[in-house]
Amino acid sequence: MTETVTLALSDAVALCRAAAMRAGASAATAQALANASVAAERDGQPSVGMAHFLDYLEALKAGRIKGAAEPELSRPAGAIILSDARGGSAHLGFDRAFDDLAQTAQQFGLAAFAQKNAYTCGALGYFAGRLAEAGLVALAATSGPALLAGSGSTRPVFCTNPLAFAAPIAGSAPLVIDQASSATAFVNIRKAAAEGRAIPEGWALDADGHPTTDAKAAVKGALLAFGGARGANIALMVEVLAAGLGNANWSLDAPSFTSGAQNPGSGLFVLAVEPKLFDPDFAERMAAQVKRLAGEYGVHIPGIAKGTARERSQKQGLIIARNVYERIANWPAC
């Protein structure tokens, strides 16, 4: 049985923040990365939580995340906010723009945020979910280095290119949908390879373009889109939103986020919508609809389980593997 450590949420954030600063991050970048990683762990997403935070530390150490980078924000139009992360984390630029983005959406009904030159963002639902907690409907898309074969291709041309969507629900945690265009997230393939486990058919190709259940071969090959050509088309749509509109690196041109010293130059696109301007009772109607879907038809409502996990974590703390805790706690100063 894996040994574990239990931490209060505030202690987990402090632990990660201190480690990131030792790895070379500014206080603001360290706080942004710590908040996002602990939020994922808190909401029951360990694959992009504290264990994934170690990837941020490795990236800071190698220079893939420029720890001292300060994002440059601009407003080319009233409802559009652009961010140049300048080689830093994806989270800090969004943090810097968040209040403005929400207030602009509340005023005009719509507001868009686009960012370039950033490290990959981990849990994409974190960005959309924060806006839903502020009462807004949100759509988010992000890109990164090529990992996923396109329609008709056996070579990686897109990142896992996820989409996230969130909407407020009166009296409940928000609806949050966060899914990759690939049949599974790359972190799951990488974890299976590290543990020597096979992966299901339909997840990946090997380096020669043949279907494989060997996770180690899949890491050197290409992920497959969910739903075949339909999933690949969604990956292309995400590519246009995240890399195209934001002038970020196309996936084919993005350096690796797991090796080397270059930032992948990832893109992030977020659209925020004020639902009350369309329907003053939107959140209440959402509550009634998800209750009907779940209660009468047995539909799983994404985001509700995250809210339950969050409440449990707030009361009981985070339970994380001791080896993950010790690696973070003992991360050396650069």
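Asp55 is buried, at a relative accessible area of 17%, where buried means under 20%, exposed over 50% and partly exposed in between (1.4 Å probe, protein chains only). Before going on, note that this is a predicted model, in which local features need pLDDT of at least 70, side-chain atom pairs count only at pLDDT 80 or more, and totals for chains, interfaces and linings use all residues. Residues are numbered from 1 along each chain as its sequence is written, and side-chain values use heavy atoms, with hydrogens and water left out.

**Exercise 1.** Find the residue with which Asp55 forms a salt bridge.

*Solution.* 
- Step 1: Recall the rule: a side-chain nitrogen of Lys or Arg must be within 4 Å of a carboxyl oxygen of Asp or Glu.
- Step 2: Asp55 sits in helix H3 and Arg190 in helix H6 (residues 186-195), so the bridge ties together parts that are 135 residues apart in sequence. Helices here are DSSP runs (H or I, at least four residues), and strands (E) have at least two; both are numbered from the N terminus.

**Exercise 2.** Work out which parts the salt bridge between Asp43 and Arg310 ties together.

*Solution.* 
- Step 1: Their side chains meet at 3.1 Å, N to O.
- Step 2: Asp43 belongs to the loop between H2 and H3, and Arg310 to helix H10 (residues 304-316), so parts 267 residues apart in sequence are tied together.
- Step 3: Asp43 counts as buried at 10% relative accessibility, while Arg310 is partly exposed at 21%.

**Exercise 3.** Do likewise for Arg322 and Glu3.

*Solution.* 
- Step 1: This salt bridge spans 3.5 Å, N to O.
- Step 2: Arg322 is in helix H11 (residues 322-329) and Glu3 in the segment before strand E1 (4-7), so the pair links parts 319 residues apart in sequence.
- Step 3: Glu3 is exposed, at 55%, and Arg322 is partly exposed, at 31%.
- Step 4: For context, the whole structure has 12 salt bridges.

**Exercise 4.** Say where Phe278 is found, and whether Phe278 is buried or exposed.

*Solution.* 
- Step 1: Look in the loop between strand E13 (266-273) and helix H9 (282-297).
- Step 2: Phe278 has a relative accessible area of 63%, so the residue counts as exposed.
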